[in-house]
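Here is a short briefing on one protein chain. Look through the sequence and the structure first, then read the points below.

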Amino acid sequence: MELLVDVILDTVIDGVKILPFLFITYLLMELLERHTMDKAGDIVRKAGKSGPLWGAVLGVLPQCGFSAAASNLYAGRVITVGTLIAIYLSTSDEMLPLMISERVPVTTILPILGLKALVGIIAGFIVDFAANKTRKIRHQGREDFRIEELCEREHCHCEDEEEGSILKSAFVHTVHIFLYLLVLTFILNFIVELIGEEAIMSVITANPLLGHIVAGIIGLIPNCAASIIITELYLGGMITMGTMMSGLLVGAGIGLLILFRVNPEFKRNLHITGILYVIGVFFGILIDLIL
């Protein structure tokens, strides 16, 4: 009972400490998104063969629903599969706001974002090259899914100018993620206290490959919980940079969920998911070997 009370207190105290930083971060992100989302979408649409480059670079920007918008564009064959993969790999979902709110040094954050973008560019061009070598579909647009519907379902009102202001959107995001953070942090803290930090670390270091495989599976969870879990484990020193990257590279937020909704080719969707997973875990292992 005493252990449970200690874990609850630690979780609440840690959560309350980062709450104002989380709100400020989301407020800035909302301002950025309002001025860049349409432009980013236009750039990706018109990018053509250079789509993976622009997709990976723009995917790094904290924009709500960008991976979901990319899924819609791919379903309409407006962008290539390589561009879609590049965007999925570079997006970070809740990693960036969480790291900023935890006051992680910029010198740590920027290399992580740079690595994600670089992996997205490389993998995107390779996937497009391989796709063109086998059989390729020419891109004719068809957009029958509106990103606004997604945001309403997620209660973020990212695209709803009439219903909510920037302050309201930032507040809703903050509350949403704060509650996730409290629950997941409590679970993680309880497990660490119950098993012991040294025991967990010994398991991870004894079989690092397993850590990458599991991180990649967690990354496939189609909501913000995945990136929160992985980022928290990394910030707590429980996993390596490479293991974190395995999960975050695979983590496309709700992008994959939307892909399965809007793209009728189920087998192709499975192939894309498999490709994303293999690329993410491969580069995560490679990063650990290099660093």
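Which residues does Tyr88 touch, not counting residues up to four places away in sequence? In this predicted model, Tyr88 touches Ser67, Ser71, Leu249, Gly251, Ala252, Gly255, Leu256, Leu259, Ile272 and Leu276. Tyr88 is also among the residues with the most contacts inside the largest nonpolar core.

**Nonpolar cores**

- The largest nonpolar core holds 56 residues.
- Besides Tyr88, the residues with the most contacts inside this core are Leu84, Leu89, Met99, Met244, Ile272 and Ile279.
- Helix 6, which spans residues 106-134, gives the most to this core: eight residues.
- There is also a second, separate core of five residues. Its members include Ala68, Ala75, Ile254 and Val262.

**Helix 14**

- Helix 14 covers residues 266-290, 25 residues in total.
- From first C-alpha to last, helix 14 reaches 36 Å, close to the 36 Å expected at 1.5 Å a residue.
- The buried residues of helix 14 are Arg268, Asn269, Ile272, Thr273, Leu276, Tyr277, Ile279, Gly280, Val281, Phe283, Gly284 and Ile287.
- These buried residues pack against six helices, listed here with their ranges where given: helix 3 (66-75), helix 4 (81-90), helix 6, helix 10 (208-219), helix 12 (241-250) and helix 13 (255-262).
- Leaving out residues up to four places away in sequence, Thr273 touches Leu220, Leu256 and Phe260.

**Helix 4: Ile87 and Ser90**

- Ile87 lies in helix 4. Its relative accessible area is 1%, so Ile87 is buried.
- Ile87 touches Val44, Gly55, Phe66, Ser67 and Ala70, not counting residues up to four places away in sequence.
- Gly55 is 32 residues from Ile87 in sequence, yet their C-alpha atoms are 5.0 Å apart in space.
- Ser90 is found in helix 4 as well. Ser90 is buried, with a relative accessible area of 0%.
- With residues up to four places away in sequence left out, Ser90 touches Gly55, Ala56, Gly59, Val60, Lys116 and Ala117.

**Helix 1: Ile13**

- Ile13 is found in helix 1, residues 2-46.
- Ile13 counts as partly exposed because its relative accessibility is 45%, which falls between the cut-offs of 20% and 50%.
- Ile13 and Leu182 are 169 residues apart along the chain. Their C-alpha atoms are separated by 9.9 Å.

**Cavities**

- The structure holds two cavities of 30 Å³ or more.
- The second largest cavity has a volume of about 60 Å³.
- In total, 13 residues line the second largest cavity. The closest to its centre are Ser92, Asp93, Ser227, Leu248 and Gly251.
- Helix 11 (224-235) and helix 12 are the elements that give two or more residues to this lining.
- Helix 11 gives the most, with three residues.
- Gly251, one of the residues closest to the centre of this cavity, is also touched by Tyr88.

Terms used: Residues numbered from 1 in each chain as written. Predicted model: local features only at pLDDT ≥ 70, side-chain atom pairs only at ≥ 80, totals over all residues. Heavy atoms only, no water. Core = buried A, V, L, I, M, F, W, Y, C linked by side-chain atoms within 4.5 Å. Buried < 20%, exposed > 50% of the residue type's maximum accessible area, 1.4 Å probe, protein only. Helix = DSSP H or I, 4+ residues; strand = E, 2+ residues; numbered from the N terminus. Contact = heavy atoms within 4.5 Å. Expected span 1.5 Å × (residues − 1). 1 Å grid on protein atoms, 1.4 Å probe; cavity = no way out; pocket = protein on both sides within 12 Å on 5 of 7 lines; lining within 4 Å. Points joined across faces, edges and corners; volume = space filled by probe spheres on them.
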